[in-house]
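Take a moment with the sequence and the model below.

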Amino acid sequence: MEITVNHGNEFVVALKGRLDTVTSVEFQDRLQKETIKESMVVVEAKDLEYISSAGLRALLSLKKSLSSQGKELEIHNLNAVCTEVFKVTGFNNILTVK
Amino acid sequence: MTLKRNSKLIDRKFIQYLIPSILMIFAMQFGSLVDGILIGNFLGSDALSATSLVLPILYVVQIPGFALGVGGSIVVANLLGKRDVEKSKRVFSICFIVGIGISLIFAILSFFVSTPLARMFGDALVNYSSDYVFMYLLTDPIITFALIIGSFMAVDNNPRISSIFYILSNIAKVGLEVLFIKVFNWGMRGAAFSTAAGYLVGSVMVIFYLRSKERTLKLTFKLQDNGFKDVFKASSTSGLNLLLTAIQMLIVNIVIGQVITNSKDLNAYGLISNMVFVFDLLCGGIQNIIPNICGIFYGEKDTYSLKRVARKIYLINVITTSIIFVLIMIAPDIYAICFGYNDFTDFQSVAFVLRIYLLSFIPYEINKFSMNYYPTIDKNVPSLVTVLLREAIIVLPVTLCLLYSHGLFGYSLACALTEASTVIITYIFVLVYQRVKKANTKGILMIDNVDFESFDVTLTNDMSNASLISEDLTNFALSHNVPNRESQVVGLASEEIVSNIVAYGYKNGKTNYIDINLKINEDMMLLRIRDDGKPFDPTKYEFDESEEYSTSGIKLIENMTDKMTYMRILNLNNTIFEIKFNGGLQNGNHS
């Protein structure tokens with residue numbers, strides 16, 4: 001999976017490929033190394049092909065961490081399959097999906 | 001990444017089934033041997049001769065138990081492989097009802113037919129033989145119950161309990177036989193009753209089976225859509241084999257009594273007869289696992305495992321037979337001493353006859369493989385050919401001709417010739433039969449040609465493999481024109497289950513193996529994940545429904561796939577997913 005980050009008005013994390021058991025650990029490690037000063041974090045999921053429950057847990061962990069700091073998380077441009085995963089698990093209720 | 005299918009997982013299962021099976025058959029054969037010794041020593045040689053004479057009747061009496069036990073467990077193994085639990089319960093119940101019903105008729109007949117049957121073998125030993133036949137018939141319901149439950153316990157995830165059942169029964173039988181004959185003075189009736197009484201003692205193991213969490217089979221009386229036809233088909237080979245063996249034994253025994261008159265040849269015939277016991281003692285357990293393991297793999301259409309296990313059984317069987325063959329061929333005198341033979345004047349002629357007879361055993365074991373294997377994979381015709389050839393069509397005329405013309409040497413030669421020719425004719429028949437019928441099978445093992453796209457790999461229990469297999473499966477599905485959504489879902493299902501197995505399935509710190517199989521048909525995919533971790537049924541997993549979201553991978557895939565089923569077969573977790581794609585396979589490339 002490719003992870004690219006971009007600081008600006010929003011902190012944007014662009015994901016490309018698969019967010020699964022192995023890559024979700026990479027995802028979490030990568031974000032831990034970042035100093036996020038922005039109040040809004042956007043996960044750009046346009047090129048995210050696949051997400052498993054491990055990926056969802058990584059996003060949930062990020063959401064909790066950001067919330068404790070008074071920051072917000074949004075997920076943008078999920079594809080059809082990933083959207084279905086969010087709906088089935090109820091993650092569309094707890095994460096802001098656009 | 002290049003993941004490949006290997007046989008590590010099924011090899012472990014093979015050993016788990018093989019060892020109890022060998023011990024079980026060893027115990028059964030050993031029980032028979034000690035039975036003869038006890039009768040001979042406590043009741044005399046006339047009593048022992050009487051038991052030999054009535055052996056064909058005992059074979060017939062055992063037909064319901066053996067045929068329905070073996071035949072029924074083959075059908076159940078196939079059905080469990082197809083995950084048809086309800087029908088397997090019906091077959092299990094039918095076998096019990098029919099078996100106990102027939103054996104009850106035998107029990108009632110015992111009061112009327114025992115003496116007339118015993119008289120068939122002459123009046124000299126009628127007191128001994130009628131008592132023996134009477135008690136055997138009377139206790140047949142117990143024997144039939146034991147033979148049927150023993151077979152079903154093995155196929156229903158409990159091979160160890162089944163083995164202990166037989167071992168315990170045979171040990172108890174020996175102890176009780178001494179008690180009945182020496183202490184209670186029950187004579188031949190006591191000797192015959194000890195078999196059923198031993199099984200009654202062994203039946204304590206049935207309680208463990210009934211309490212086993214691995215058990216799938218239960219009695220049911222809802223017998224609509226019954227499995228009578230399947231049971232009859234699968235039982236026909238073993239039943240016919242027992243019946244023809246009994247008839248053949250009856251005729252040959254009568255003729256031998258007429259043709260062989262000197263004591264030296266009679267003693268040599270005794271040595272020859274016991275040779276079957278030696279080979280069955282050591283090879284019977286290997287053959288015995290064919291219905292249980294091959295039957296399930298056949299039902300699952302797991303051609304890789306079926307081929308692997310069948311070849312292994314065949315090879316181990318031939319190697320074991322060859323070792324015994326060589327040992328007796330080199331030292332027939334030591335073999336003779338083992339059976340109490342002590343007249344070594346002109347032993348060369350006896351040794352020659354023994355060696356000729358010995359030639360029959362490698363083909364004999366191959367024929368037994370055919371008779372066990374072909375019905376297991378629902379190919380009854382080749383097994384019936386083998387049974388008819390070796391028990392009737394070839395063996396009787398050839399044996400009788402050579403027995404009359406050349407005595408014991410002729411008999412030995414006839415056995416070797418008929419067994420060998422049965423192997424050759426059966427195999428030619430199998431090859432021609434497949435060609436004529438244009439069957440979708442190939443080779444001597446008649447393995448089905450795979451007519452669907454199949455992905456077959458074995459993983460080690462490493463968490464990184466959960467991601468790798470997921471990606472591989474998705475790519476495989478996409479490359480076979482499965483729509484994108486379903487291709488992603490199949491990857492998701494595999495990742496969630498495999499990661500769960502790796503995280504919670506094992507606590508032994510060893511390398512463990514997980515078999516993954518994906519079959520793609522026209523409008524659906526079937527994904528099977530098989531592991532030998534601790535039993536875990538994802539369909540019964542309880543979710544925390546209080547939260548408005550769920551991080552459970554199991555819940556996710558249960559909702560995203562069309563069907564998730566679970567079965568514990570061969571002591572393995574089998575989780576199966578159906579993923580349908582209504583529009584059918586796509587043509588062209590996928591993004």
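Two strands count as paired if DSSP finds at least two bridges between them. Keep that rule in mind for the sheet in chain A. This is a predicted model. In chain A, five strands form an open sheet. Their order is β1-β2-β3-β4-β5, and the pairing is mixed. Which strands are at the edges? They are β1(A) and β5(A), residues 96-97, and each of them pairs on one side only.

Together they form a hairpin, with four residues between the strands. To find the pairing by eye, look at V5(A), which stands opposite V13(A) in β2(A).

E74(A) has T96(A) in β5(A) as its bridge partner.

Next, the backbone angles. Most residues other than glycine have a negative phi. N77(A) has a positive one, near 60 degrees, and is not a glycine. Where is N77(A) found? Follow β4(A), residues 72-76, to its end: N77(A) is in the loop between this strand and α3(A), residues 80-89. N77(A) counts as partly exposed because it has 16 C-beta neighbours inside 10 Å; a residue needs 20 or more to be buried.

N185(B) is not a glycine either, yet its phi is positive, at about 55 degrees. N185(B) is in the loop between α7(B), residues 159-183, and α8(B), residues 187-202. Why is N185(B) classed as exposed? Because 8 other C-beta atoms lie within 10 Å of its own, and the cut-off for exposed is 12 or fewer.

Finally, look at where the chains meet. How many residues of each chain are in contact? The contact involves 22 residues of chain B and 22 residues of chain A. On the chain B side, α19 (463-479), α20 (484-505) and α21 (553-560) each supply at least two residues. The largest share, seven residues, comes from α20(B). By type, this side of chain B has six nonpolar, eleven polar and five charged residues.

How values were computed: Residues are numbered from 1 along each chain as its sequence is written. Chains are lettered from A and ligands numbered from 1 in the order in which they are written. This is a predicted model: local features need pLDDT of at least 70, side-chain atom pairs count only at pLDDT 80 or more; totals for chains, interfaces and linings use all residues. Two residues are in contact if their C-beta atoms, placed from the backbone, lie within 7 Å. Ala, Val, Leu, Ile, Met, Phe, Trp, Tyr, Cys and Pro count as nonpolar, Asp, Glu, Lys and Arg as charged, and the others, Gly among them, as polar.
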